[in-house]
Amino acid sequence: MQDIEKANMATSCSADEAVCVRPSVVVIKVGGAVVEDATSLGNLLEQFSRIEGPKVLVHGGGRSATKIATSLGIESTMVGGRRITDGDMLNVVTMVYGGLVNKNLVALLQANGVNAMGLTGADMNVIRSHKRPEKSVTLAPGEKNPVTGEMVEEPTKVMVDFGWVGDVDEVDGNRLAALIQSGIVPVMAPLTHDGEGHMLNTNADTIASQTACGLASVNMADNSDKKLFDVTLTYCFEKPGVLADPDDDNSAISLITEASYAQLKADGIVSGGMIPKLDNAFAALHQGVSRVIITSANDIEGAQGTTITL
């Protein structure tokens, strides 16, 4: 692609090509209460607009989806931080994520001088998924069993049909790279497609992770062994990082490794929606992303927060 070639020209290599300085791409995921709070969101987008160089914004919007679903008489059911998505809920999340939240973010970014374009995975076929099969899930005490409708009192394994939920198969990093190098800032909604005409609700943390991995996998046109981008993935939300004590914002854990993550889960310190966030963080590191940070929406440059490492 012509745009990829332009990106390659911006890559600085030494004479013997042993060392290359690759363009940095920042993938920032915003979700949680930040999307719904005008002040917090405005502050984050202002920070985002000041980031120089290539960048991507990935957003959630689950709280908005739950609120609108409730107003329509549609019940929301979450299992392990993931939303069960039947046909009615799929219509809701498609409207909310792909329309309401996404286009409002694009408009706000344009107001901040950012040439943003809203995308779902179906647009340009940038992210294709398959419908998740039934999956064995261990419910934590206090979670609702989606099969019986009862709260469980101890860890309980159940088979869960998540409905129209997508697990990512492929990201077209080259097409995203072409957009980025042409001066467009992609704003990714947490929706993908299966290539057979079906939209799929896909976890926003997964979208962020897979988008970062897709960009990290793009090769330089003149050397297939060299990667085009140095990618940083930052998850930002209303908390200052992964907390040892959910009620204490001063308890952010500065560093989490795979070994310490396993222990944090076993101890119940990490649970709910933080589990898929961390799962995706480690998956991204294993697939070529240079660094992953979980931090506050007030610190999207990652000066503080929690650093995730292998």
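D230 counts as buried, because its relative accessible area is 14% and buried means under 20%, with exposed over 50% and partly exposed in between (1.4 Å probe, protein chains only). The structure is a predicted model, in which local features need pLDDT of at least 70, side-chain atom pairs count only at pLDDT 80 or more, and totals for chains, interfaces and linings use all residues. Residues are numbered from 1 along each chain as its sequence is written, and side-chain values use heavy atoms, with hydrogens and water left out.

D230 belongs to strand β17 (residues 230-237); helices (H or I, at least four residues) and strands (E, at least two) are DSSP runs, numbered from the N terminus. The side chain of D230 has polar contacts with two side chains, that of S290 at 2.7 Å and that of R291 at 3.0 Å. Here a polar contact is a pair of N or O atoms within 3.5 Å; within protein, one must be able to donate a hydrogen and the other to accept it, and residues adjacent in sequence count only if both atoms are side-chain atoms. Setting aside residues up to four places away in sequence, D230 touches R22, P23, S24, V25, S290 and R291, where contact means heavy atoms within 4.5 Å.

T307, in strand β20 (residues 306-308), is partly exposed at 34% relative accessibility. Residues touched by T307, not counting those up to four places away in sequence, are S254, L255, I256 and V292. C213 is 94 residues from T307 along the chain, and their C-alpha atoms are separated by 17 Å.

Helix α9 (residues 274-286) has 13 residues and should span 18 Å at 1.5 Å a residue, which agrees with the 19 Å between its end C-alpha atoms; the expected span is 1.5 Å times one less than the number of residues. Buried residues in α9 are M274, P276, K277, L278, N280, A281, F282, A284 and L285. Just after α9, G288 adopts a positive phi of about 105°.

The structure holds 1 aromatic pair. Y261 and F282 form this stacked pair, with 5.4 Å centre to centre and 25° between the planes. Rings of Phe, Tyr and Trp (its six-membered ring) pair if their centres lie within 6.5 Å; planes under 30 degrees apart count as stacked, over 60 as edge-to-face and the rest as tilted. The pair links distant parts of the chain, 21 residues apart, with Y261 in helix α8 (residues 258-266) and F282 in helix α9. Y261 is buried, with a relative accessible area of 5%, and F282 is buried at 5% relative accessibility.

Two rings have a charged end over them: K131 sits over W164, 5.2 Å from the ring centre, and R132 sits over F162, 4.7 Å from the ring centre. The criterion is NZ of Lys or CZ of Arg within 6 Å of the ring centre and within 35 degrees of the ring normal.

The chain averages a pLDDT of 88, and 91% of the residues score at least 70; pLDDT is the predictor's confidence in each residue, from 0 to 100. Over residues 1-9 the pLDDT is below 50, and this stretch has 17 contacts in the model beyond near neighbours in sequence. Where pLDDT is low, the predicted coordinates should not be read in detail.
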